[in-house]
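Welcome! Take a moment to look over the sequence and the fold, and then we will walk through a few spots together.

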Amino acid sequence: MTPRVQARRLLPGWQRRLRLGDWQVAVSDLEPEADSRSNVDYDVTLRRAVIRLLGNTPPSQIERQLVHELLHVRFALATWAWDQTRVHTPPAFDGPNKAMWNVGMEAGIEAVVDALGCAPRAEWGAESPEFISAFPVSP
């Protein structure tokens with residue numbers, strides 16, 4: 001079973017659990033952005049979202065990535081409200097403020113994913129061979 005097929009099977013249960021039944025959510029066959037393992041695009045007014053997962057997502061990470069993106073949908077209204085306030089933010093503060101928002105949102109979502117009992121992110125974390133080989137230690 002491909003990662004996207006597995007994600008589609010898991011989607012209805014997680015939509016119910018996260019109280020996203022009033023949203024139309026789909027898992028796309030397209031790959032996410034270049035430097036992403038997964039991402040989501042959504043429209044708050046239409047309550048529609050499209051999730052993209054890498055086609056080679058490890059089986060142990062599919063549910064975690066799906067839930068992570070669904071939590072972005074769950075918090076979409078807060079993100080939308082933040083974006084509206086940025087209209088009144090001086091350009092010099094916009095970049096750092098948005099970066100702090102993103103770091104806080106990602107950290108919060110990861111904490112909730114862990115609390116929901118999804119598989120640990122170990123194989124994509126700092127201790128993974130992929131990560132270690134990308135950042136070799138000089139002698």
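Is L53 buried or exposed? Keep in mind that the model is predicted. L53 has a relative accessibility of 0%, so it counts as buried, the cut-off being under 20%.

**Around L53**

You can find L53 in strand β3, which covers residues 48-53. Setting aside neighbours within four places in sequence, L53 is in contact with P3, R4, A7, L30, E31, P32, R37, S38, I62, Q65 and L66. Take S38 from that list: S38 and L53 are 15 residues apart in sequence, yet their C-alpha atoms are 4.4 Å apart in space.

**A neighbouring topic: N39**

N39 belongs to strand β2. With 8% relative accessibility, N39 counts as buried. Its side chain is joined to the side chain of E33 by a polar contact of 3.5 Å. Not counting residues up to four places away in sequence, N39 touches P32, E33, V50, I51, R52 and E69.

**Helix α2**

Helix α2 runs over residues 59-74. Among the buried residues of α2 are Q61, I62, L66, H68, E69 and H72.

H72 has a relative accessible area of 15%, so it is buried. Leaving out neighbours within four places in sequence, the contacts of H72 are V40, Y42, M105, E106 and I109.

**The largest pocket**

How much space lies in the largest pocket? The volume is about 490 Å³. Lining this pocket are 21 residues, and those nearest its centre are S38, H68, E69, H72 and E106. The elements that give two or more residues to the lining are β2, α2 and α4 (91-115). Of these, α4 gives the most, with 6 residues. Sorted by class, the lining has 4 nonpolar, 8 polar and 9 charged residues. H72 therefore turns up here again: it is buried at 15%, and it is one of the residues nearest the pocket's centre.

**Two arginines in loops**

Next come two residues with a positive phi. Phi of R19 is near 55°, and R19 is a residue other than glycine. Phi of R47 is likewise near 55°, again in a residue other than glycine. R19 lies in the loop between α1 (3-17) and β1 (24-27), while R47 lies in the loop between β2 (38-43) and β3. Is R19 buried or exposed? R19 is exposed, with a relative accessible area of 70%. R47, at 35% relative accessibility, counts as partly exposed.

**Accessibility side by side**

Here are the residues we visited, with their values.

| Residue | Relative accessibility | Class |
|---|---|---|
| L53 | 0% | buried |
| N39 | 8% | buried |
| H72 | 15% | buried |
| R47 | 35% | partly exposed |
| R19 | 70% | exposed |

Key
Residues are numbered from 1 along each chain as its sequence is written. This is a predicted model: local features need pLDDT of at least 70, side-chain atom pairs count only at pLDDT 80 or more; totals for chains, interfaces and linings use all residues. Side-chain values use heavy atoms; hydrogens and water are left out. Helices (H or I, at least four residues) and strands (E, at least two) are DSSP runs, numbered from the N terminus. Buried means under 20% relative accessible area, exposed over 50%, partly exposed in between (1.4 Å probe, protein chains only). Contact means heavy atoms within 4.5 Å. On a 1 Å grid over the protein atoms alone, a cavity is a set of points where a 1.4 Å probe fits but cannot get out, and a pocket is an open set with protein on both sides within 12 Å along at least five of seven lines; lining residues have an atom within 4 Å of a point. Grid points are joined across faces, edges and corners, and a volume is the space filled by probe spheres set on the points. Ala, Val, Leu, Ile, Met, Phe, Trp, Tyr, Cys and Pro count as nonpolar, Asp, Glu, Lys and Arg as charged, and the others, Gly among them, as polar. A polar contact is a pair of N or O atoms within 3.5 Å; within protein, one must be able to donate a hydrogen and the other to accept it, and residues adjacent in sequence count only if both atoms are side-chain atoms.
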